Amino acid sequence: MAEGGDGLAAVPEHERILQEIESTDTACVGPTLRSVYDDQPNAHQKFMEKLDACIRNHDKEIEKMCNFHHQGFVDAITELLKVRTDAEKLKVQVTDTNCKLQDAGKEVIAQTEDIIRCRIQQRNITTVVEKLQCCLPVLEMYSKLKEQMNAKRYYSALKTMEQLENIYFPRVSQYRFCQIMIENLPKLREDIKEISMSDLKDFLESIRKHSNKIGETAMKQAQQQKIFNVILQKQNNINMGRNMCITNGKILQERNEVTSTYAFEEEDENEEEVLTVQDLVDFSPVYRCLHIYSVLGDEETFENYYRKQRKKQARLVLQPQPNMHETVDGYRRYFSQIVGFFVVEDHILHVTQGLVTRAYTDELWNMALSKIIAVLRAHSSYCTDPDLVLELINLIVVFADTLQGYGFPVNRLFDLLFEIRDQYNETLLKKWAGVFREIFEEDNCSPIPVANEEEYKIIISKFPFQDPDLEKHSFPKKFPMSQSVPHIYIQVKEFIYASLKFSESLHRSSTEIDDMLRKSTNLLLTRTLSSCLQNLIKKPHIGLTELVQIIINTTHLEQACKYLEDFITNITNISQETVHTTRLYGLSTFKDARHSAEGEIYTKLNQKIDEFVQLADYDWTMSEPDGRASGYLMDLINFLRSTFQVFTHLPGKVAQTACMSACQHLSTSLMQMLLDSELKQISMGAVQQFNLDVIQCELFASSEPVPGFQGDTLQLAFIDLRQDLLLSFARKSRMRSRSKTRSLIKKNHICGRHMVI
């Protein structure tokens with residue numbers, strides 16, 4: 001029962017499975033069939049039985065359907081048999097047509113194959129063209145790079161390399177030639193660095209050679225600009241004084257001359273081509289090298305190298321040349337090289353960014369300035385020619401003005417000029433010492449004779465001499481001074497001019513220039529001229545006549561000092577009434593020289609007296625006198641008379657002092673002779689003979705050989721001698737009678753006027 005119950009339950013399940021098999025896709029049949037085996041035992045057999053029953057059922061249905069459609073099938077076969085013949089004919093016709101088409105299509109096939117090949121070629125060509133269009137710009141740029149390298153356009157070449165690396169190479173990086181190019185670029189960059197550095201070295205070497213020319217041009221332009229400014233200033237001053245120009249024809253004429261000069265110089269400047277540092281030097285190597293190193297990112301290396309090399313060149317430029325102090329050309333080349341060096345640095349400073357800085361140039365200039373000042377101090381000390389020193393000073397001024405125009409501080413150079421000023425004054429003083437010596441050597445120490453009016457005017461034009469009495473005299477006549485006086489006066493003025501040339505170069509005010517001129521002139525008078533006068537006075541061959549003339553000359557030179565002061569005033573336009581105006585010391589100078597000459601006159605007179613006294617040959621044992629004065633004494637008195645006649649041109653006090661000194665010295669000499677310790681005994685005859693000589697001396701003193709003495713002043717010079725002689729008489733009188741002694745003393749008193757009884 002149970003089994004039968006299970007069989008009944010399995011039948012609907014098998015039907016369901018069959019329905020699924022019939023209706024489900026074949027891909028899902030497997031799981032459905034597997035469920036058959038998963039059921040109760042003998043399910044497979046039962047399923048097969050059920051399947052067979054289902055098949056039989058379907059066969060019956062198929063048979064029914066075939067029977068239903070059999071007549072139609074027979075009719076269809078009959079129809080097919082009817083068209084069989086037509087089909088065979090059609091087959092034959094199709095085969096024939098096919099053969100014909102095959103024969104006709106062979107040419108088309110061939111042409112089609114050609115077309116296919118052409119299309120493939122066109123496609124390949126198009127591809128190649130596209131690739132070449134990508135490669136050609138790269139190749140063109142690389143070719144352009146090669147051309148730029150060959151043309152030495154290295155900065156452009158570096159820019160081209162950047163474009164190749166950033167734009168073009170990424171497009172064709174898959175090609176081998178691109179890799180070769182990429183590998184070649186670093187080498188090209190190194191080549192460019194080496195070539196640009198080589199060009200820079202050539203430039204630095206070239207700039208050393210051109211520094212002199214650059215400096216000369218810059219100094220010349222600075223000097224021309226200075227002259228132009230001076231002329232312009234004069235022009236402005238003239239315009240400001242136009243009202244005065246209208247009333248003063250002379251000033252109008254000067255104004256026209258200045259204007260003409262200004263126009264002439266301006267025309268010359270326009271005609272002359274103005275050269276600049278760019279005209280003389282090609283700076284392109286520096287620009288190229290700077291740009292190249294900037295592009296390569298190595299700008300600091302370039303800057304350090306440039307500055308290091310320029311510092312080395314600066315040290316070479318600052319080295320003085322051997323024997324530079326001997327000629328002005330040596331100083332000019334030295335200054336030109338320095339100016340050229342710093343003009344180049346100033347140009348580099350303004351046209352480049354950061355290659356040199358103001359701090360760098362200032363440091364370089366301070367180092368150079370210290371060296372320049374040391375060199376000038378050392379070499380200028382060897383200069384003994386004032387003309388060379390003056391030219392050196394002018395060069396220093398132009399040098400300083402030039403560099404000051406480029407912004408370099410030059411105050412220390414102008415301070416150095418004040419040091420050189422003292423040296424210049426020393427060289428001038430040495431030169432004029434030689435000039436004065438030559439004047440004194442050529443001077444004949446005699447008054448200047450003039451034969452006519454023309455000669456008189458020539459002397460007056462050289463020396464400011466004013467004497468109404470001399471003007472009234474007829475020709476020929478004589479000036480009281482000798483030829484050396486106008487010559488010295490002219491040379492003092494020449495010295496002032498020489499000092500002025502130096503002072504004008506220092507950019508100082510008129511007051512300072514006036515002070516410099518007066519101080520320099522004072523040195524000339526108080527030291528140089530005074531020394532020359534003293535040496536002249538002390539010379540052994542200078543006689544009394546020459547000394548008298550020297551005194552007269554110094555008197556006139558002393559009077560001319562006020563004209564020298566006026567001369568300086570006219571040059572500087574500084575009034576002498578100014579509080580700080582220095583006065584000339586010529587008055588004291590010539591007074592000292594005159595006093596020395598006067599003293600030398602006294603000395604030489606005494607020496608001459610000694611020479612005459614040495615000729616004395618007294619016989620101190622003589623019994624009777626000769627009855628007349630000794631010959632040597634008469635010669636001495638005659639000499640003194642002629643000498644004192646020459647003294648008439650001297651100031652009165654000088655002649656009187658000389659006469660008094662001579663008489664006193666003569667009295668002293670005679671007294672020493674009388675009181676000589678070696679004189680053991682003296683006879684009355686010798687005393688009487690000596691008394692005759694003393695009487696002649698007293699007569700000479702009483703004759704007033706030099707006018708101006710008051711009373712018996714000159715005779716008093718022999719009073720001591722007379723008293724000593726009286727003592728000698730007193731000693732001798734003890735050997736004679738008192739009456740005879742008194743008679744003799746009375747006689748001597750009458751004859752000598754000064755004998756005291």
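**View 1. Disulfides and two cysteines.** Searching the whole structure for disulfides (pairs of cysteine sulfur atoms within 2.5 Å) turns up 0. This is a predicted model, in which local features need pLDDT of at least 70 and side-chain atom pairs count only at pLDDT 80 or more, while totals for chains, interfaces and linings use all residues. Residues are numbered from 1 along each chain as its sequence is written, and side-chain values use heavy atoms, leaving out hydrogens and water. Cysteine 532 counts as buried because its relative accessibility is 6%, whereas cysteine 99 counts as partly exposed because its value is 41%. Here buried means under 20% relative accessible area, exposed over 50% and partly exposed in between, with a 1.4 Å probe and protein chains only.

**View 2. A nonpolar surface patch.** Phe73, Val74, Ile77, Leu80, Leu81 and Val83 together make a nonpolar patch of about 530 Å². Patch residues have over 30% relative accessible area and no salt bridge (a Lys or Arg side-chain nitrogen within 4 Å of an Asp or Glu carboxyl oxygen); nonpolar side chains (Val, Leu, Ile, Met, Phe, Trp, Tyr) are joined within 5 Å, and like charges within 9 Å. Areas come from the Shrake-Rupley method with a 1.4 Å probe; for residues, only the protein chains shown count as cover.

**View 3. Leucine 81 in its helix.** Look for leucine 81 in helix H3, residues 43-150. Leucine 81 counts as exposed because its relative accessibility is 54%. The protein chain has 25 helices and 2 strands, taken as DSSP runs (H or I, at least four residues, for helices; E, at least two, for strands) and numbered from the N terminus.
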